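This report covers a few residues, their helices, their accessibility and their contacts. The structure comes first, and the notes follow.

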Amino acid sequence: MCGHYSAALATFWTYDYVRSLHEEWTFLLRSRWNKVKFLYIITRYVPFIVIITELYLTFTPNENPNQCRMLNNIYSCFGVISVTCSDGFFVLRTYALWNNNKIILVAMLSAFLAIVLSFSGIWFTAIATSHVRTSVIPGITGCYRSSRSVQLSMPFLLLFIFALGLVSLTLIRVIHSWRTAKSPLHTVLVKHNIFYYVCSLLISAVNVLMPMLTSNSIYHAFFEHFQVFSLAILATRMHLYLWDIDQHTHSSDAVVCISMSDMSPVSPADCTV
């Protein structure tokens, strides 16, 4: 079962990467180098390390418990890095939607730092001891976390609270723009990328509720890993979408939308949000 979900997640991530390969390399080759591009590269490619480590843990023969614990910690470390970078994109997007409001930025970064530190502390404290168990393939042993306490849902509760805060800030801007521009509500929601925010919120909610719905650690692990990959996909796809709009804007007389790739202040007269 563990081998099945590991293979499924690897297939899911690889499929998404291949499907967006053209758009991604267009962005990487044509966009200018800045901090956001560097963040994009980390967010997009760290999950490959997570996948490789996960497959190694699942299918490689290993009967040394200490080595299993070390590999699980390495895997968890890269997972935390991936989630942190992914949420960083949502912070930047919210900052841009609020017209680069410094007060909003300081508030979000303070909350974000507290969430990341708390998430890491709780996660690495509560992570269960690895056990050597028989893989789905006869004769192969892998490293699995065989137990899963409710305490491990606490980091995802923190992510849920943070995502809920970002959704709330975004909805405030949606309502303001809707009343000001008098545009259809659906159009305003799409322009503010609310779909990406809501998906992030729902995925965190699933991991918070999962321990209450089932005691099967296989399902817990699957949705934990699914959140790592899904957040990375949502964050990078949102950025590619915004960058593509920005490129079309600069090559036409279309209405300018707030772009996360350019964090300079934008005049309200030049931007519709």
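## Residue notes

Leu21 lies in helix H2, which covers residues 21-30. The model is a predicted one. Because its relative accessibility is 32%, Leu21 counts as partly exposed. Together with Trp25 and Leu29, Leu21 forms a nonpolar patch on the surface, and the accessible area of these residues together is about 310 Å².

Thr94 belongs to helix H4, residues 65-97. Its relative accessibility is 0%, so Thr94 counts as buried, the cut-off for buried being under 20%. Which residues does Thr94 contact, leaving aside its neighbours within four places in sequence? They are Met108, Leu166, Leu169, Thr170 and Tyr197.

Phe223 is part of helix H9, which spans residues 217-250. With 24% relative accessibility, Phe223 is classed as partly exposed. Apart from neighbours within four places in sequence, Phe223 is in contact with Val206, Asn207 and Met210. A further pair involves Ile203, 20 residues away from Phe223 along the chain: the C-alpha atoms of the two are separated by 8.2 Å.

The accessibility values are set out below.

| Residue | Relative accessibility | Class |
|---|---|---|
| Leu21 | 32% | partly exposed |
| Thr94 | 0% | buried |
| Phe223 | 24% | partly exposed |

Technical notes: Residues are numbered from 1 along each chain as its sequence is written. This is a predicted model: local features need pLDDT of at least 70, side-chain atom pairs count only at pLDDT 80 or more; totals for chains, interfaces and linings use all residues. Side-chain values use heavy atoms; hydrogens and water are left out. Helices (H or I, at least four residues) and strands (E, at least two) are DSSP runs, numbered from the N terminus. Buried means under 20% relative accessible area, exposed over 50%, partly exposed in between (1.4 Å probe, protein chains only). Contact means heavy atoms within 4.5 Å. Patches are made of residues with over 30% relative accessible area and no salt bridge: like charges are joined within 9 Å, nonpolar side chains (Val, Leu, Ile, Met, Phe, Trp, Tyr) within 5 Å. Accessible areas come from the Shrake-Rupley method with a 1.4 Å probe; for residues, only the protein chains shown count as cover. A salt bridge is a side-chain nitrogen of Lys or Arg within 4 Å of a carboxyl oxygen of Asp or Glu.
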